[in-house]
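Student: I've got the model open and I'd like to go through it piece by piece. Can you show it and take my questions?

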Amino acid sequence: MTMSSAIKILEQKVPLLKNMCQAIGHSILNVVQALGGITLFALDTIRHCLTPPIFLRHILRQFIDIGYYSLPVVGMTALFTGMVLALQSYTGFSRFNAESAIASVVVLSITRELSPVLAGLMVAGRVGASIAAEIGTMRVTEQIDALKTLSVNPMKYLVVPRVVAGAIMLPILVLIGDIIGVYGGYIVSTHVLGFSSGSYLYQTWQVIEEMDVVSGLVKAGVFGFLVTLMGCYHGYNSGRGAQGVGTATTNAVVTASILILIFNYLLTQVFFS
Amino acid sequence: MTMRPKIEMRGVTKSFGTKHVLQGVDLDIPVGSSMVIIGGSGTGKSVTLKCVLGLLQADSGSIKVDGVEVVGASTRTREEMMKKFGMLFQGGALFDSLPIWYNVAFGLIHGKDVSKKEARHLAIEKLEQVGMGETIADLYPAELSGGMQKRVSLARAIATNPEIIFFDEPTTGLDPIMADVINDLIVQCVKDLGATALTITHDMASARKIADHVAMIHQGKIIWTGPVADLDQSGSPYVDQFINGRASGPITDPQSELLKSA
Ligand SMILES: Nc1ncnc2c1ncn2[C@@H]1O[C@H](COP(=O)(O)OP(=O)(O)OP(=O)(O)O)[C@@H](O)[C@H]1O
Ligand SMILES: [Mg+2]
């Protein structure tokens with residue numbers, strides 16, 4: 001191959017390379033822009049949480065919508081997770097004749113990790129999506145503009161009550177989930193695996209520490225904030241029409257789920273290292 | 001004319017991507033007068049209103065309300081300014097999770113600290129002015145017909161007795177009798193309450209009834225403005241074509257007009 005033909009080939013490839021770089025650069029810019037937008041939105045939300053007027057009745061209503069109505073789904077998740085944990089760790093540990101370890105595995109994994117993360121993900125699907133759809137529809141039908149013309153700040157009226165309720169209600173849900181999850185492990189251990197109920201409960205009580213529960217609840221508060229914030233952010237910036245609202249809903253659930261997993265890792269590192 | 005206009009727009013531009021919707025809008029609205037904006041569909045009439053309200057940010061130019069600049073103003077200035085305005089949205093934009101009476105009373109309850117009981121009473125009064133009453137007060141927006149929603153929205157826009165009221169197509173979708181009731185109501189808001197009104201309409205009968213001044217927007221600019229009495233002798237072929245609703249003319253066929261004037 002001569003030099004000139006090599007150059008020719010290179011010249012042909014250059015536009016392709018340029019396109020690729022452009023595409024990569026573009027998507028990096030998009031991500032940075034989205035992160036910036038979310039951060040500003042979060043700061044704005046916190047600022048509005050701290051300044052009057054506060055729509056107290058709306059916060060109470062969101063307590064019910066976000067907290068109370070999520071109870072069944074969070075409870076079911078915790079129950080079956082506790083049950084399957086007991087079953088799985090039995091098959092693992094029985095080989096080493098360390099059946100007493102089951103109680104500790106169940107209570108530690110539930111309180112530290114599984115109850116907050118799974119509750120967060122379930123609430124992201126249930127609450128995050130519905131917030132994004134509701135606020136997105138209000139954006140598309142100009143209801144948010146109408147709020148502004150009636151001198152009501154939509155951040156205060158729509159966003160703050162949801163985010164406050166999320167950050168407060170998720171820890172409560174997770175605390176209930178902790179109890180139900182441990183109970184699930186207890187049921188399987190005593191009824192299916194045939195352990196004595198007294199020693200199981202004793203084991204559980206022995207191994208658990210305040211920090212295990214508290215770290216889980218702190219995580220839950222952060223997840224509650226993130227889920228509701230993502231719902232509000234994507235709804236508030238929803239594109240036009242039904243399609244815009246659909247995309248906003250999907251994005252709310254996806255970004256909330258990813259952020260939950262990332263923050264779970266970061267918080268675990270902070271608490272247990 | 002020594003009085004400062006209520007709203008003063010100079011060279012206002014607004015683009016969406018490559019779409020240049022407003023290309024230098026100049027418009028003065030005198031205090032206590034009723035201005036009607038006419039113009040083809042999609043020429044940027046609603047966008048003009050939203051720029052004045054600050055719901056959309058104008059790209060350049062100047063918009064002054066009572067002498068105070070709106071373009072690039074701080075959030076606080078804008079929120080303060082918003083208290084002067086009432087707006088009827090083209091699509092109604094009623095809060096669909098709230099009952100009708102609460103929709104109408106919304107600005108009174110949250111903006112003016114009127115008690116709920118009092119606000120409900122005032123809301124029903126406003127509903128009666130737009131031809132409805134207590135019977136629909138506890139229904140939800142989705143339970144009303146399109147024209148009824150429009151009237152509720154109008155009641156909401158005027159409920160706080162704002163100084164400046166924007167009506168985006170107030171009579172579209174109403175029967176002719178109800179349309180005339182609404183026309184009278186708008187005239188009354190201006191004459192009796194001293195409000196300044198800016199109305200967008202395609203309904204020329206309505207325009208003639210409510211307007212003191214008419215402005216026509218075409219290709220992102222105000223191409224003609226004058227008292228309503230001059231509408232028929234505007235001297236603008238664009239206005240002539242529009243008010244007579246002719247399919248052929250300079251608006252639909254710019255080439256022919258260029259040839260004629262050449
Ligand atoms: N948020 C937006 N994003 C992108 N384009 C927009 C937006 N709002 C309006 N436009 C475009 O601006 C143009 C003018 O819109 P506008 O709603 O002001 O029209 P209009 O004069 O009120 O028409 P009509 O009489 O049909 O209501 C349209 O072409 C529309 O596509
Ligand atoms: Mg319009």
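Student: How far is an oxygen atom of ligand 1 from an N or O atom in the side chain of B:Gln90?
Tutor: This is a predicted model, so local features need pLDDT of at least 70, side-chain atom pairs count only at pLDDT 80 or more, and totals for chains, interfaces and linings use all residues. Residues are numbered from 1 along each chain as written, chains are lettered from A and ligands numbered from 1 in the order written, and side-chain values use heavy atoms, leaving out hydrogens and water. A polar contact is a pair of N or O atoms within 3.5 Å; within protein, one must be able to donate a hydrogen and the other to accept it, and residues adjacent in sequence count only if both atoms are side-chain atoms. For the B:Gln90 side chain and the ligand 1 oxygen, the distance is 2.7 Å.

Student: And what share of ligand 1 does the protein bury?
Tutor: Accessible areas here are Shrake-Rupley values with a 1.4 Å probe, and for residues only the protein chains shown count as cover. Ligand 1 taken alone exposes 630 Å², and the part of that buried by the protein is 73%.

Student: Which element of chain B gives the largest share of the shell around ligand 1?
Tutor: Elements are DSSP runs numbered from the N terminus, with helices being H or I of at least four residues and strands E of at least two. Two of them give two or more residues to the shell: strand 2 (19-29) and helix 1 of chain B. The largest share, 3 residues, belongs to helix 1 of chain B.

Student: Which two chains does ligand 1 lie between?
Tutor: A residue is near a molecule or strand if one of its heavy atoms lies within 4 Å of it. There are 15 residues around ligand 1, and B:Ser41, B:Gly42, B:Lys45, B:Ser46 and B:Gln90 come nearest. On the backbone side, a ligand oxygen is 3.0 Å from a polar atom of B:Gly44, and one is 3.3 Å from a polar atom of B:Thr43. The ligand itself lies between chains A and B.

Student: What are the protein donors of the magnesium ion, ligand 2?
Tutor: Donors are N, O and S atoms within 2.8 Å of the metal (3.2 Å for Na, K and Ca), and water is not among the atoms, so sites may look incomplete. The distances here are 2.0 to 2.2 Å, and the donors are B:Ser46 (OG) and B:Gln90 (OE1).

Student: Is B:Gln90 buried, partly exposed or exposed?
Tutor: Buried means under 20% relative accessible area, exposed over 50%, and partly exposed in between (1.4 Å probe, protein chains only). B:Gln90 has a relative accessible area of 37%, so the class is partly exposed.

Student: How many residues does the largest nonpolar core have?
Tutor: A nonpolar core is a set of buried Ala, Val, Leu, Ile, Met, Phe, Trp, Tyr and Cys residues joined through side-chain atoms within 4.5 Å. Those with the most contacts inside the largest one are B:Ile7, B:Phe85, B:Phe106, B:Val152 and B:Phe166. Apart from it lies another core of 11 residues, including A:Leu85 and A:Phe195. The count for the largest core is 127 residues.

Student: Which chain A residues does B:Phe106 touch?
Tutor: Contact means heavy atoms within 4.5 Å, and residues up to four places away in sequence aren't counted. In chain B, the partners are B:Phe95, B:Leu98 and B:Gly111. In chain A, they are A:Leu147, A:Leu150, A:Val152 and A:Tyr157.

Student: Which side chain does the side chain of B:Ser62 make a polar contact with?
Tutor: B:Ser62 is in strand 4 (residues 60-65) of chain B, and at 19% relative accessibility it counts as buried. Its contacts beyond four places in sequence include B:Glu8, B:Arg10 and B:Val71. The polar partner, at 2.9 Å, is B:Glu69.

Student: Where is A:Ser151, and what is its phi?
Tutor: A:Ser151 lies in the loop between helix 5 (143-149) and helix 6 (154-192) of chain A. The residue is partly exposed, at 28% relative accessible area. Although A:Ser151 is not a glycine, its phi is positive, about 60 degrees.

Student: What kind of peptide bond joins A:Pro52 and A:Pro53?
Tutor: A:Pro53 is placed in the loop between helix 1 (3-50) and helix 2 (56-67) of chain A. Omega is about 0 degrees, and the bond is cis.
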